[in-house]
Amino acid sequence: MSGNFQMTKEILDESKEIQQIINSGGKITNGQRAILEIVREHNTPHNFYDTKTGKLMWDSRISKSNIESCFKNTFKNYIVQSGNAFQVTQEAKDNSMRIIDWLYFQQKPFLILQGSFGNGKTSSAKSIMKVIRSNNFKLRSSENDTDAKDLSMAEFDAATLFEDLVYKRIDKDKLYTMPVLFIDDLGVEPACYNHFGTVLTPIQDLIRARYDRGLITVITTNLTAQMIRESYGERIFDRLKESSERILFMQDSFRGGEGSAFHKSC
């Protein structure tokens with residue numbers, strides 16, 4: 001739609017009348033149908049991924065509280081679907097707000113959710129991906145760019161991703177340039193692969209390529225900072241330290257049943 005288009009009260013009133021005709025079982029003309037499409041397009045938030053800055057740009061009609069509600073509801077559903085009780089500690093609240101701040105402001109391209117087992121890292125990352133998908137982001141160079149494409153994004157566990165890259169089951173260049181990527185359980189994959197005398201480090205190469213391009217990358221891991229340094233080397237560690245928002249998950253596992261330290265308080 002042209003950036004110069006002005007939605008008037010007359011058009012809005014007419015669209016309501018047309019909708020009433022549809023609701024009562026009546027037929028509408030092609031012109032009336034076009035008016036409905038114009039109003040629907042106008043009222044739809046236009047979120048876009050800025051191809052120049054590599055950031056998610058949220059429509060001004062979407063507030064941080066909207067994102068917060070969407071994320072928390074999605075996260076709760078993931079926990080419940082896994083068969084665990086949805087319970088929350090102050091740490092869980094704080095982590096959620098830090099994730100929402102990262103989503104809304106995009107001050108750093110990498111997000112690392114780091115900590116022990118079963119305490120919501122993967123569910124949090126999957127919720128981030130679902131929030132982005134559900135808000136229909138488009139690839140654009142500016143808000144008024146009409147040649148917009150759907151935002152490409154993907155999710156992998158690190159072990160599968162390592163094998164897919166080693167055995168060329170996936171186009172590495174696509175992953176090197178994809179706007180949004182989620183890598184789950186970083187550190188469970190082998191450190192390297194010896195291919196006829198050539199040592200391959202596909203995960204390190206992928207992280208380096210995405211760092212160089214400033215692309216959105218969500219990572220979950222059970223590794224400590226020191227273990228990341230030892231497993232991936234000083235250069236990768238230094239890049240992650242610079243480009244990442246790091247959130248620690250230290251609470252008890254959701255899988256702890258009644259003995260879990262989580263208690264619903266929000």
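The model is predicted: local features require pLDDT of at least 70, side-chain atom pairs count only at pLDDT 80 or more, and totals for chains, interfaces and linings use all residues. Residues are numbered from 1 along each chain as its sequence is written, and side-chain values use heavy atoms, with hydrogens and water left out.

**Overall build**

- The protein chain has nine helices and 11 strands, taken as DSSP runs (helices H or I, at least four residues; strands E, at least two) numbered from the N terminus.
- The C-alpha trace spans about 70 × 50 × 30 Å along its principal axes.
- Among contacts with a separation of 6 or more, 75% join residues 24 or more positions apart; contact means heavy atoms within 4.5 Å.

**Burial and surface**

- Of the 266 residues, 39% count as buried, that is, under 20% relative accessible area (1.4 Å probe, protein chains only).
- The chain exposes about 14700 Å², of which carbon and sulfur atoms supply 49%.

**Packing of H3 and H4**

- The axes of helix H3 (residues 64–81) and helix H4 (residues 90–105) come within 10 Å and cross at roughly 125°; axes are lines fitted to C-alpha atoms over the stretch in contact, and angles run from 0 to 180 degrees between N-to-C directions.
- The contact involves Lys64, Ile67, Glu68, Phe71 and Lys72 of H3, and residues of H4 including Met97, Ile100 and Tyr104.

Note on methods: Buried means under 20% relative accessible area, exposed over 50%, partly exposed in between (1.4 Å probe, protein chains only). Accessible areas come from the Shrake-Rupley method with a 1.4 Å probe; for residues, only the protein chains shown count as cover.
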